[in-house]
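Open the model in your viewer and keep the selection panel at hand. The stops below go from strands to cores to a pocket.

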Amino acid sequence: TAGGVFQVEIAGLNPATQYDNLHASGTAAVDGELVVSVIEGFVPSSGDAFDVITAPLVTGTFAADNLPLPAGPGCMEIAYQPAAVRIRALELVSISRDPVDASVCADSAATFSVTATGNGITFQWRKDGAGIPGASDSTFTISSATPVDAGTYDVVVTGSCGAVTSNPATLDVDVPPTITQQPAPLTACMGDTARFAVTAVGENLQYQWKRNLAEISGATDSV
């Protein structure tokens, strides 16, 4: 009835003897509040189901519910069946393998992945805390990375029993060195100083001058 409270105690998997079960011979009209308690140290496992109301036909839903948070699976949910009201134990969403840092050259592919468990889990990848549109799989790939893609990535895993965010992973995008100004040819008299210079852009640049294709010892600056 409206405003009534239906209390259920669960101490095991067997209906009537280990958990409360109400069976109606006709239509069971559900309303009011459902209060469920797990007792006698029982810890449900993920996937355990308890049909607390059975009938040839079940109509309506509880206006409110108070479900426990057992130590085993993590939470419980109500599933309304045509002939039953079922309480199901669900697995807590958890991540067993976080994405790892990556470093790629520009225009190369970069991939992050996560391994997670839980009921009905979905994924949302983020860059620097902002959601990435369409990035909703356990794996996220940037097919051709550019310096703009460098940053911190993580993924929010959401399921029927909560949500959890992975540890962050950093993406570094290395830009190949580019020479913007080549050494210029010059003519010098014997005894004069000859100075060659090169201008280049890139990350962690190193220089090695050569003469007739042979490396010049100690010539490791841009000049």
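Two strands count as paired if DSSP finds at least two bridges between them. Keep in mind that this is a predicted model.

Select strand S17 (151–159) and strand S18 (residues 162–165). They pair in the antiparallel sense, over four bridges. Two residues sit between S17 and S18, and the strands form a hairpin.

**Stop two: the largest nonpolar core.** S17 also gives two or more residues to this core. The core has 21 residues. Select Phe112, Trp125, Phe140, Ile142, Tyr153 and Leu171, the residues with the most contacts inside it. Then colour the other contributing strands: S11 (102–105), S12 (110–113), S14 (122–127), S16 (139–142) and S19 (169–174) each give two or more residues. In soluble globular proteins, nonpolar side chains tend to be buried together.

**Stop three: Phe112.** Centre on Phe112 and show its contacts, leaving aside neighbours within four places in sequence. Among them are Trp125, Phe140, Tyr153 and Leu171. Pro99, Val100 and Ala102 also touch Phe112, as do Ser138 and Thr139.

**Stop five: the largest pocket.** How much space lies in the largest pocket? About 300 Å³. The lining has 15 residues. Select Ile179, Val198, Tyr207, Gln208 and Trp209, which lie nearest the pocket's centre. Colour the lining by class: nine residues are nonpolar, four polar and two charged.

Methods. Residues numbered from 1 in each chain as written. Predicted model: local features only at pLDDT ≥ 70, side-chain atom pairs only at ≥ 80, totals over all residues. Heavy atoms only, no water. Core = buried A, V, L, I, M, F, W, Y, C linked by side-chain atoms within 4.5 Å. Buried < 20%, exposed > 50% of the residue type's maximum accessible area, 1.4 Å probe, protein only. Contact = heavy atoms within 4.5 Å. 1 Å grid on protein atoms, 1.4 Å probe; cavity = no way out; pocket = protein on both sides within 12 Å on 5 of 7 lines; lining within 4 Å. Points joined across faces, edges and corners; volume = space filled by probe spheres on them. Nonpolar A, V, L, I, M, F, W, Y, C, P; charged D, E, K, R; others polar.
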